[in-house]
Amino acid sequence: MVKHQPLQVYEKQVLLSLVTGIYGCRWKRYQRSQDESSKWECAWFTILSSSFLLLLFWAYFWLVAQNDFNDFNWSVYNHSGEWRDETIPILTSTTVGFIYITFLLILALFHISLGQQLNLYWVHKIGVLATLLTIVSGLVSVDDIWGDEWEIILISLQFTAPFLHIGGLVTVTAMSWLVAGYVVRKERNNFQVMVMAIYILVLLALCLAPLTFTCPCIMDRHVLKPPPVIIGRRGAPMLAPENTVMSFTRALQHGASSLEADVTISMDGVPFLMRDHTLRRTTDVSKVFPSREHEDASFFNWTEIHSLNAGHWFLESDPYWTVKSLSAKDRSRIGNLTICSLVEMLRLAARANSSVLLNIRKPAAEHPRFRSWFMDTLWTLQKAGISQKKVTWAPDTDRGRVRGLLQTTNEKLSVEEIRHRGITSLTIHYRKISYKDIQIYLANNVSVTVYPVNEPWLFSILWCSGVTSVSSDAPQVLRKVPYPVWLMSHSAYNFIWISSDLVSIAVVMGIFFFQKWRISGMQNYNPEQIMLSAVVRRPSRDVNVMKEKLIFSELNNGLGSTEELSLYPENGHVRYSHGGLSC
């Protein structure tokens, strides 16, 4: 006769229920399984892990690309014709997606560490695929609109590499628990060997990675040069509309030693400050001259240009998310701003004894000032009363006529070519020059100005590299950086690097030995040990697993009718006897 009794008293496992419930909608004990995960579920785990790594790369990119957010919006504007802050939806969706995918990955790793079968819920599968497709489409779009910006990742590694190295070591060391638990099993196969080999290679690559680092801020303190001169690029466009008198005033008030502006020549020969080719983005030309909003800015006369409002767009679009921090008085002033002429800016610089950097855009061949733009600009410089030694002129053309003025080139030229052209300074985008290039120019007495530099981390790299000056949209931010964000001697970094590697390797080896000892102990359990261990009121998880495996293995093997195996819930004891199976 078969007795019907419960096989085991089940303890509540709240954590396990939450993990399996949220991940795979397996809230009940009978829905869970400790069998090997199917190949399909392993494939989904691979997709989940790949999505996490891709999201990590995507999030890191946007983290360091904050330096160029305004340039990104400007690139989008040039493609679409409409000014919108596209970074807000990108950052929001990236944050939500990263939190979601990271949470699912943590739950999956909990499944593996607890020996539970992976079974991702179908709703999460849709969410993972949607997130993956969104990131892939984002990568393609950024590559199309802003492809040059990918280089900022390599540049940022000059600042973040030592910290990423430590973070990578911690992550790989923590992963050793799962890898060891899988590799040291008694049943060996080729896949386990492959997993072990990949893990060892990754660990060794991380340990040796610092050999490839180029970090300018790993240097002795006494070698550090004075901070670069800060140039207000179009003034202080985060605090007031770019290329306006108020913007240049704010730049000087917040520590800028020099001013940079974009110069365009009007129809009647008045140089004025405008970055764009049209007036649509930064003025109300669509309201005042609706039929001419797409016309080149240089084909307006100064009277028409001066009649346009140059502040409303700033208050409405809030391109740098700073409008709310402005006082009511400043907002009122901004609302009444007009386009700034070159002479106004030069007079402001002369009063402040500040130097200026002029990026002059030549008029088109059909422009009435095509042949006289040069004299128009020189006459304006004389009218403003600024010393010619305070003016740097770009581009470096018309060298024969530009006498007394400093000239700079925007091209990356060889030292020999720079000497041949008779110029002594270089103004270049930070993506187009390397640490090695900077050292070569400086060694040959060529001053280097790098733009745009808006974040402290990039300012710190260039400071340690020894650049002469930086052109920034955020002089008010850089003024608050009295010292590089981090600076470390070679000996100190080598000590941290080698110590971290040795500690990581020691911990990994310890985890592998412990996992081998733990699993070998589980594999040595026999039925008598399991029945004796059941006397304990709080059996370990490993013992419970082995008890269940023993019971179900006996069921699968066809327990004889004269045998009985029972676990009584009243006292937690196990009884193995003859006469039938108690269940």
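A: Start with the disulfide, defined here as a pair of cysteine sulfur atoms within 2.5 Å. A disulfide is a covalent bond between the sulfur atoms of two cysteines. A search of the whole structure finds 1 disulfide. Keep in mind that this is a predicted model: local features need pLDDT of at least 70, side-chain atom pairs count only at pLDDT 80 or more, and totals for chains, interfaces and linings use all residues. Residues are numbered from 1 along each chain as its sequence is written, and side-chain values use heavy atoms, with hydrogens and water left out.

Q: Which cysteines form the disulfide, and how far apart are their sulfur atoms?

A: C217 pairs with C464, with the sulfur atoms 2.4 Å apart. The angle about the S-S bond is 95°, and the link is right-handed. The pair links distant parts of the chain, 247 residues apart. C217 sits in the loop between helix 7 (190-208) and strand 1, and C464 in helix 17 (residues 456-465). Helices (H or I, at least four residues) and strands (E, at least two) are DSSP runs, numbered from the N terminus.

Q: Is C217 buried or exposed?

A: C217 has 1% relative accessibility, so it counts as buried. C464, at 7%, is buried. By contrast, C25 is partly exposed at 31%, and C42 is partly exposed at 35%.

Q: How do I read a helix crossing?

A: Under 35 degrees counts as roughly parallel, over 145 as roughly antiparallel, 65 to 115 as roughly perpendicular and the rest as oblique. Take helix 2 (residues 39-64) and helix 6 (residues 151-183): their axes come within 10 Å and cross at roughly 105°. The two helices are therefore roughly perpendicular to each other.

Q: Which residues of helix 2 and helix 6 meet?

A: Contact means heavy atoms within 4.5 Å. From helix 2 come F57, Y60, F61 and V64; from helix 6 come I152, I153, S156, L157, T160 and L164. These residues divide into 8 nonpolar, 2 polar and no charged. Here Ala, Val, Leu, Ile, Met, Phe, Trp, Tyr, Cys and Pro count as nonpolar, Asp, Glu, Lys and Arg as charged, and the others, Gly among them, as polar.

Q: How are aromatic pairs judged?

A: Rings of Phe, Tyr and Trp (its six-membered ring) pair if their centres lie within 6.5 Å; planes under 30 degrees apart count as stacked, over 60 as edge-to-face and the rest as tilted. The count comes to 29 aromatic pairs. One of them is F72 with W146, tilted, at 4.8 Å centre to centre and 50° between the planes. F72 lies in helix 3 (residues 69-80) and W146 in helix 5 (residues 122-146), so the pair ties together parts 74 residues apart in sequence. F72 is buried at 4%, and W146 is buried at 6%.

Q: Which residues form one aromatic cluster?

A: F57, W58, F61, W62, F69, F72, W146, W150 and W321 do. F57 and F61 also take part in the helix 2 contact with helix 6.

Q: Where is H429 found, and which residues is H429 in contact with?

A: H429 is in strand 7 (residues 425-429). H429 is buried, with a relative accessible area of 11%. Leaving aside neighbours within four places in sequence, H429 contacts V450, Y451 and P452.

Key: Axes fitted to C-alpha atoms, helices over the stretch in contact; angles between N-to-C directions. Buried < 20%, exposed > 50% of the residue type's maximum accessible area, 1.4 Å probe, protein only.
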